[in-house]
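Me: Hey, I've got a new structure to look at and could use a hand. Can you walk me through it?

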Amino acid sequence: MNSQFTTLPLAFNELEAVARQLQMAELTLPFWGYRKPMPIHRIVRLEGEGNYTHFYFNDGTKLIVSLTLKRIESRLPANVFARSHKKNLINLLYLREIRPKRHPYMVGLSNGDYVEVSRRKAAQFYQQVETFQQEMNLLRNIAVA
């Protein structure tokens, strides 16, 4: 896997359009005794910690939910979210950089975070990134035509 990426749209209106094309709806999360709908495309990454999951959003806000990462992962679109590590799930719309030649393997996100890619998940993760890049290029070609 090379470290070259197609620049993905991050302007709010472009991100909204891509989310509609990828059919990304809302995720309803338990939050202080009620359910809070969150747009999936705003999630940059998720980090699991036992029975809790930390959400990191594109506006810099964070949220902790009392659900496991595995349970939340089953509710998210598999073509957009990739598991880089047993504790991390990344929204590929925000992926900016991959460092596959360094140990530990790292990926950079548009919010400035760097997340480790485990050796065991690396091949599957990089394959998922390539598939996502192809899907994004196809969406762009359709939009241009």
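This is a predicted model: local features need pLDDT of at least 70, side-chain atom pairs count only at pLDDT 80 or more; totals for chains, interfaces and linings use all residues.

Me: Okay, charges. How many salt bridges does the structure hold?

Reply: There are five salt bridges in the structure. One of them brings together the side chains of R45 and D113, at 2.9 Å from N to O.

Me: Where do R45 and D113 lie?

Reply: R45 is in strand β3, residues 43-49, while D113 is in the loop between β9 (105-109) and β10 (114-117), so this pair ties together parts that are 68 residues apart in sequence.

Me: Is R45 buried or exposed?

Reply: R45 is buried, at 9% relative accessible area.

Me: Got it. Which residue pairs up with E73?

Reply: E73 meets R83 in a salt bridge between their side chains, at 2.4 Å from N to O. E73 belongs to helix α2 (residues 69-73) and R83 to strand β6 (residues 81-85), so the pair ties together parts that are 10 residues apart in sequence. As for accessibility, E73 counts as partly exposed at 28%.

Me: What about E97, which partner does its side chain meet?

Reply: That would be R99: the two side chains form a salt bridge of 2.9 Å, N to O. E97 is partly exposed, with 27% relative accessibility, and R99 is partly exposed too, with 26%.

Me: Which residues do salt bridges with shared partners join into one network?

Reply: R45, E47 and D113 are joined into one network that way.

Me: Switching to rings. How many aromatic pairs does a search of the whole structure find?

Reply: The search finds two aromatic pairs. F55 and F57 make a stacked pair, with 6.0 Å from centre to centre and 10° between the planes.

Me: Why is the pair of F125 and Y126 edge-to-face?

Reply: The planes of the F125 and Y126 rings are at 65°, with centres 5.7 Å apart, so the pair is edge-to-face. Both F125 and Y126 are buried as well.

Me: Nice. Now the sheet: what's the order of the strands in the open sheet of three?

Reply: The order is β8-β9-β10, and the pairing is antiparallel.

Me: Which strands stand at the edges?

Reply: β8 (95-99) and β10 are the edge strands, each with a single partner strand, so one side of each has no neighbour in the sheet. On average, neighbouring strands here are turned by 25° against each other, direction ignored.

Me: How many bridges do β9 and β10 pair over?

Reply: Four bridges, in the antiparallel sense.

Me: Last one: which residue in β10 is the bridge partner of M106?

Reply: E116 is the bridge partner of M106 there.

Methods: Residues are numbered from 1 along each chain as its sequence is written. Side-chain values use heavy atoms; hydrogens and water are left out. A salt bridge is a side-chain nitrogen of Lys or Arg within 4 Å of a carboxyl oxygen of Asp or Glu. Helices (H or I, at least four residues) and strands (E, at least two) are DSSP runs, numbered from the N terminus. Buried means under 20% relative accessible area, exposed over 50%, partly exposed in between (1.4 Å probe, protein chains only). Rings of Phe, Tyr and Trp (its six-membered ring) pair if their centres lie within 6.5 Å; planes under 30 degrees apart count as stacked, over 60 as edge-to-face and the rest as tilted. Two strands pair if DSSP finds at least two bridges between them. Axes are lines fitted to C-alpha atoms, for helices over the stretch in contact, and angles run from 0 to 180 degrees between N-to-C directions.
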